[in-house]
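This report concerns the fold of a single protein chain.

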Amino acid sequence: MTAADLIALPRLIVHTAAHVAAARALGVPVIVQSPPDCPRRQGVPWFAALVTSTAPPLLPVLDCGDAPGLALAALRLGLPAVRLEPGPAAAAVAAVAAELGAVVDTGAPAALLDLQGQADPAAACRRFLGLA
């Protein structure tokens, strides 16, 4: 997986285990991404625990905003991808990610759906991906 691959995949912003389950039930490749700045609010371990059982075709991405230290912590916990705003430390974080077989995402996503407040996350996912 490369950063370019991340840009092409649709993203679902997940807030709960039910959101992750709805994404998994789709059976198609999608990114399950944390809410913006999640590591500062809930913590890196919270998101790691939320997506522990995530396996292909889902790719978990932790949105670290402008916090390269939190991105490094996530990579060291074994997350396969982090989102980081471009900045002076992004290249250094990307180098560490490459050593760990992970990816740093700094590009704009192709398509995005935030599942917060969706009464039926599974139906919202299917509509978003044109599977309904």
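The buried residues of α2 are covered by, among others, β1, β2 (30-33), α4 (44-50), β3 (58-63) and α7 (121-128). The model under discussion is predicted. Within α2, which comprises residues 17-26, the buried positions are His 19, Val 20, Ala 22, Ala 23 and Leu 26. These residues lie on the same side of α2, because the arc they cover around the axis is only 160°. Ala 17 and Ala 25 are exposed and sit on the face of α2 that is turned away from its buried side. Just after the helix, Gly 27 adopts a positive phi of about 75°.

Arg 126 is located in helix α7. Its contacts, once neighbours within four places in sequence are set aside, are Leu 26, Leu 131 and Ala 132. Arg 126 and Leu 26 are separated by 100 residues in sequence, yet their C-alpha atoms are 7.2 Å apart in space. Is Arg 126 buried, exposed or partly exposed? Arg 126 counts as partly exposed, because its relative accessibility is 35%, between the limits of 20% and 50%.

## The sheet

The open sheet consists of six strands with parallel pairing, in the order β5-β4-β3-β2-β1-β6. At its edges are β5 (103-105) and β6 (112-114), each of which pairs on one side only. Strand β1, residues 11-13, is joined to β6 by three bridges in the parallel sense. In this pairing, Arg 11 has Leu 112 of β6 as its bridge partner.

## The chain as a whole

Seven helices and six strands make up the secondary structure of the protein chain. The table collects overall values for the protein chain.

| Property of the protein chain | Value |
|---|---|
| Span of the C-alpha trace along the principal axes | about 40 × 25 × 20 Å |
| Buried share of the 132 residues | 45% |
| Accessible surface | about 6,200 Å² |
| Share of that surface belonging to carbon and sulfur atoms | 60% |

The radius of gyration is 14 Å, which agrees with the value near 14 Å for a compact globule of 132 residues. Among contacts with a separation of 6 or more, 53% are between residues 24 or more positions apart.

Definitions and conventions: Residues numbered from 1 in each chain as written. Predicted model: local features only at pLDDT ≥ 70, side-chain atom pairs only at ≥ 80, totals over all residues. Heavy atoms only, no water. Pairing = 2+ DSSP bridges. Helix = DSSP H or I, 4+ residues; strand = E, 2+ residues; numbered from the N terminus. Buried < 20%, exposed > 50% of the residue type's maximum accessible area, 1.4 Å probe, protein only. Arc of directions from axis to C-beta. Contact = heavy atoms within 4.5 Å. Rg over C-alpha atoms; globule rule 2.2 N^0.38 Å. Areas by Shrake-Rupley, 256 points an atom, 1.4 Å probe, with all protein chains shown as cover.
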